[in-house]
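This briefing covers how two protein chains are arranged and how they meet. Please have the sequence and the model open while reading.

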Number of protein chains: 2
Amino acid sequence: MERSNERGDDPRAAAGRPPTIRGVAERAGVSKSLVSLVLQGSPRVSDAKRRAVQDAIDELGYRPNAAARSLVARRTHTVGVLLNDLRNPWFVDLLDGLNSVLHAHGLRMLMADGRLDRRTGQDVARTFQELRVDGLVVVGTLPDTDGLAEVAERLPTVIAGNHEPLLPHVDIVANDDERGARLATEHLISLGHRRIAHIAGRGVVGTLRRRGFEAAVRAHGLHTAAVVESADGTEEGGYRAAVRLLNPARRTERPTAVFAFNDISCVGALSAAQELGLTVPVDLSLVGYDNTYLARIRHLWLTSVNNASHDVGRRAARCLLDRMAGKGAPAGHQLVAPELEIRGSTAPPPGAA
Amino acid sequence: MERSNERGDDPRAAAGRPPTIRGVAERAGVSKSLVSLVLQGSPRVSDAKRRAVQDAIDELGYRPNAAARSLVARRTHTVGVLLNDLRNPWFVDLLDGLNSVLHAHGLRMLMADGRLDRRTGQDVARTFQELRVDGLVVVGTLPDTDGLAEVAERLPTVIAGNHEPLLPHVDIVANDDERGARLATEHLISLGHRRIAHIAGRGVVGTLRRRGFEAAVRAHGLHTAAVVESADGTEEGGYRAAVRLLNPARRTERPTAVFAFNDISCVGALSAAQELGLTVPVDLSLVGYDNTYLARIRHLWLTSVNNASHDVGRRAARCLLDRMAGKGAPAGHQLVAPELEIRGSTAPPPGAA
DNA sequence: CCCGGTCCATGGAACGGTCCAACGAGCGCG
DNA sequence: CGCGCTCGTTGGACCGTTCCATGGACCGGG
């Protein structure tokens, strides 16, 4: 088929409005019902008419109107994904996992940025509710929990990569942060470290990772030498916490290893170490969390806990599919086992044999 | 209002389906037309009835159905944003800029990941067309250009942060990559560097940045000492290109400065320098592009070209608004002036006075 | 030849909103 | 007192689909 840029003879431009199913029907010389059948791929249509309809669709450049369709079908085949904090790209693998499963079930994903909620006063969850998406996936931490609670009453909802809020019929899928933190800490202990510090993060995830750290040091009788500094999960926060921890004034008590809340604050700690003249991993070992591409950068090459995002995404998708199928199960809480990814930022402590 | 978890007495759960405008009307003892008027904030409604309707809406938890609404109004007040490569978060500021302007005009943004096009065979642009979004913004490079051409014939479309494809009625807004590359290169030249290399990237953006580099070195008569290595815009690619450039075998000819296609490949070059025993910026100066948060990490602290993403986003939004207003102007091509952000990865060359 | 069944095809009633024409009440004015 | 105007409110048409009930053509069997 030739395509022309001149508006005149292009049948697609004939009407000011986009072509409808009636236009297609008229052009193909059939009823709109038949066109509808062709669109659904019904087998009870003769080949001749099917072809005629298909040709008309192509010639007009017809696209079904999702609004009209979902109005009567009462399904949109669309899942809303609420993202937050696009700057911290730990969720990218999670989205891949989500999409692979959802797409296999004929669902498409639309994303919205939850950060904008606060910034501009729009309620993104509400937008998805008005669009009548078939389901909702909340990725990570959400600023506004009240709005979500209301929406989740009506819409199959799953929270992925975070452990809160706990809501009546909302499943939670995340990596086992406490276990991941234990893995990281035990790795340091097994290398021979005795004075280990933790740079903590905020929220439930922060609490869990801190708890895992504390459990591990306690289990090995190292809790008296363990320190925890609070931070906010940013590079700046990690830097400042590390400066406090590595303060040269109390040199003898300085930790030989630091487990940070996430990769980005771990990088902050790395900078602090460098400024204080400490070489990583010779003088100081560092472990991050999330195994983002930051950790994989050669120049940083951080040992980090892989939070199994892809798997979390896939499982979240399956939970959502179950909910959408109408199984009114009580809210579940799935934990996926994280794994430690050992790279160049950890080694035995300075005085080790 | 008390909220209960028991389904029995919650009026919201009365019907299996979500409440409609008729349900609200019935409960408020008015006609559905009046409810509609209240929803639009019409002034020709008595206060008493307005309150009654508002109460009914709250009690039922009513949310207007966007599908029904857009069907008759023939507007969705929604703009589709096609993202690509979520792993490279240079576009985050761009989205902020976009959103600020679009939201001020009563439009909401929905995002979709274009990478999925190829991976799973879904056509995301088509999805937006079926949803009848009012406009489309393409952010960055798109895998499938044919599909876009077709959609752009029907939908007001703007490309942001990339210079292609060139389509009949599609505006392009991006930073002036050629100029940014000149800025970066001239900064190195003014520091005293004479042997300067460029790690090139792919696509039109890659070509433009390379062209800017070449123009600058030529203008200063340094083109005979200039080298260009091809790469793919990844850390790995930057690393490999840098290894080739800094090869110790031809030590005397080694460049004293490298301008990389983007921050991430610049980080790759940084790693290569480190491995070869070169100290940045003492032995080697590095400049990146995009001024992502990578460049701002203390431990990296790269001099980088700020691509003015926020501004690009705002301008793209304005272009789209103009197109949506029906001004059938020919495709425009706006360039926003980038600025150099000088940090710690650049200094005078080793032998400088 | 008529009847029942199969196979394609069709008209029309939803779906949940918006918007327009129309309508009654109340009021001021001639 | 009646006319016209404004104000607040309402019924109904319509948007573009899906789906259901129905219709006609054709065929084989009684």
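A salt bridge here is a side-chain nitrogen of Lys or Arg within 4 Å of a carboxyl oxygen of Asp or Glu. By that rule, 12 salt bridges cross the interface of chain A and chain B. This is a predicted model, in which local features need pLDDT of at least 70 and side-chain atom pairs count only at pLDDT 80 or more, while totals for chains, interfaces and linings use all residues. Residues are numbered from 1 along each chain as its sequence is written, chains are lettered from A in the order in which they are written, and side-chain values use heavy atoms, with hydrogens and water left out.

**Extent of the interface**
- Contact (heavy atoms within 4.5 Å) involves 66 residues of chain A and 66 residues of chain B.
- The copies meet through the same surface, because 100% of the interface residues of chain A are also interface residues in chain B.
- About 6,700 Å² is buried between the chains, 50% of it on carbon and sulfur atoms; this is the accessible area (1.4 Å probe) lost on putting the two parts together, summed over both.

**Charged pairing**
- Glu150(A) and Arg63(B) form a salt bridge through their side chains (3.0 Å, N to O).
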